[in-house]
Structure formats: structure tokens, C-alpha cells
Amino acid sequence: MISVHEHELSSDAPHALSTLGIVLVAAGRGERLGAGKPKAFVELQGSTLIEHCVSTITALPHGGHLVIVVPEALAAETLSLVSATVEPGSLWEISVTPGGRERHESVRFGIDALHDTANVVLVHDAARPLAPRTLFERVAAEVARTGDSVIPALPVADTLKRVGEGGIVHETVDRSPLVAVQTPQGFLREQLAAAHDRLGSAAPDSSENGPTDDAEVVQRAGGTVRVVAGDMLAHKLTVPGDLMLLEALLTTETGNSQ
């Protein structure tokens, strides 16, 4: 089924009624990367970030519904990329839907496009193209086990300083309770949808910074968020140097799998 608002790819295999839905956020402009195209369409060893993510997600050992949120002008191109990526007989149903003006709006559109059967939702940034299958499984399993929202994270290894005007160091920050957060982040669908609806209906407050990830959206709505172990492979592409690091990580992983 293809319509103005959503493009859908289905395999010939019957789809199990899976309770897992995944929203792949790929609508960002990627201005800091300076690639002249949206970040999710940058290539890593000959394949776009979207293709890397789709290959990993559709290798999960069960069916589900994947919604890819992209700029509206690139929806048809995305569907073509997906068609060439997904293995025949996949149990995953894949839809492509246009994003919004801000990330949180794109996530809301992605949630709305998921089938009603999806009650556990993972939100993943296409800018983390090497996040392994085991990370998706770990997050989804913890959501199902606890009913809480779940985020993968790594300990902070660097010494942290609080710096003021003029580059003057004020203090060294205790890093022991700090973690660096990654995606995919997992949620009960009802809780995530309600938190985003609440954010979207709230009056703008110029004194309050907007949430930087979906876990913060849920926390602001009163939800509990817990942490599971992250993965070094889930490194985020933000600046050109990150592309070199991801290339090296992919080369290493490809060599290890041979």
C-alpha cells in the first residue's frame, strides 16, 4: 500500500503479529557533518546509513514493523533503498513516512505510523548505523521484563571539567554517576505516545531547553527510565571525523566476521 503520507513495503511472507515496533529517525539535516545531504543518506563503505540500520533491524529473529522517518522529498528514494536491502521472505513490514520540523515531532509521526499491535517501541537514530543486533535485543527484552523505559549507555571515560567564560576551569566534575547515552531507546508504546503528545501540546517556554532524547521526553512526563549496557559500535555520526571512526569500526567488524 502506497499513499501520500506513508510508503509501505511488504514481503510475500505472512507477517506474524509482532508486539515490537521500531521507529528509525532519519529526518535530520546533518548540518554539522557538512555532507551536503541529510546525514542518513551519507554512505559508509558503499551503503547509506539507512541501509546499514535496516539490514541490522530486519536480521532480528522475529517479525515486526519498522517505520523509517525521512524528509518528505526523500521518501520514494528511501523506499527504493529499502527494497534493495531487505532479504526476500523477511518477516518485517517496513513503512516510510515524512518527518516533522523537529526531532520530537518526527518521532511522534513515526509512532503514529506503527501498527496497533506494536506495544513495545524502540526509537533509533540512523546516525548510529553500526548499533548491533544484540543491542536492539537487550533493550527490547528489558522493556518487556520491567515495563520501564530503557536506554543503552556507556560509562564516561574522560575527565570532565566545568568551564566558564574565557575558558577558565571552575571544577572537575565527578564522572562516576555519569553515562553517555545511545540508541535504540525502548518504551512501552502507550507511555511514549502519551509523553510525546504532552510535549506537543505544552505551551512553548523560552526559559526551558527542549528534551534531547526520547528518554527525557518520558521522564518529563513522570516516567521511569533505566539503563542497560551500551555498545561501542553504536557510535554516532555527527562530524566528519566520526565517519572515519565508523569506517574503521566497520572494517574491523567485517574482518572479525570472516
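Let's start with His 52, which counts as buried because its relative accessibility is 15%, below the 20% cut-off. Please keep in mind that this is a predicted model. His 52 sits in helix H1. Leaving aside neighbours within four places in sequence, His 52 is in contact with Leu 44, Ser 47, Pro 129 and Leu 250.

So what about the rest of that helix: how many of the nine residues of H1 are buried? Eight of them are, and H1 is mostly covered. Besides His 52, the buried set includes Leu 49, Ile 50, Glu 51, Cys 53 and Val 54, and it also takes in Thr 56 and Ile 57.

Now to a partner of H1. Two packed helices are described by the angle between their axes and the distance between the axes. Here H1, residues 49–57, packs with H2, residues 75–85, at an angle of about 45°, and the axes are 10 Å apart. The two helices are therefore oblique to each other, and H1 passes H2 in a right-handed crossing. If you'd like to click through the contact on screen, H1 brings Ile 50, Glu 51, Val 54 and Ser 55, and these meet Thr 78, Leu 81, Val 82 and Thr 85 in H2. By class, that contact has four nonpolar, three polar and one charged residues.

Let's stay with Ile 50 for a moment. Not counting residues up to four places away in sequence, Ile 50 touches Ala 26, Ala 40, Phe 41, Ile 68, Val 70 and Thr 78. That brings us to the cores. In soluble globular proteins, nonpolar side chains tend to be buried together. In this model, the largest nonpolar core has 35 residues. Ile 50 and Val 54 are among those with the most contacts inside it, along with Leu 20, Ile 22, Leu 66, Ile 68 and Val 70. Which elements each supply at least two residues of this core? They are strands S2, S5, S6 and S7, together with helices H1, H2 and H4. H4 gives the most, with five residues. There is also a second, separate core of 16 residues, including Ile 111, Ala 113, Phe 187 and Val 217.

Thr 183 and Pro 184 are joined by a cis peptide bond, with omega about 15°. Pro 184 lies in the loop between strands S11 and S12. Then there is Gln 45, which has a positive phi of about 50° although it is not a glycine. Gln 45 belongs to the loop between strand S3 and strand S4. Is Gln 45 buried, exposed or partly exposed? With a relative accessible area of 41%, Gln 45 is partly exposed.

Thr 238 counts as buried, at 17% relative accessibility. Thr 238 and Glu 31 are 207 residues apart in sequence, yet their C-alpha atoms are 8.8 Å apart in space. Thr 238 also touches Arg 32, Leu 33 and Lys 39, again not counting residues up to four places away in sequence.

Let me finish with the whole chain. The protein chain has seven helices and 13 strands. Of its 258 residues, 45% count as buried. Among contacts between residues at least 6 apart in sequence, 76% join residues at least 24 apart. Thanks, everyone!

Note on methods:
Residues numbered from 1 in each chain as written. Predicted model: local features only at pLDDT ≥ 70, side-chain atom pairs only at ≥ 80, totals over all residues. Heavy atoms only, no water. Axes fitted to C-alpha atoms, helices over the stretch in contact; angles between N-to-C directions. Helix = DSSP H or I, 4+ residues; strand = E, 2+ residues; numbered from the N terminus. Parallel < 35°, antiparallel > 145°, perpendicular 65-115°, else oblique. Left-handed = near helix turned anticlockwise from the far one by under 90°. Contact = heavy atoms within 4.5 Å. Nonpolar A, V, L, I, M, F, W, Y, C, P; charged D, E, K, R; others polar. Buried < 20%, exposed > 50% of the residue type's maximum accessible area, 1.4 Å probe, protein only. Core = buried A, V, L, I, M, F, W, Y, C linked by side-chain atoms within 4.5 Å.
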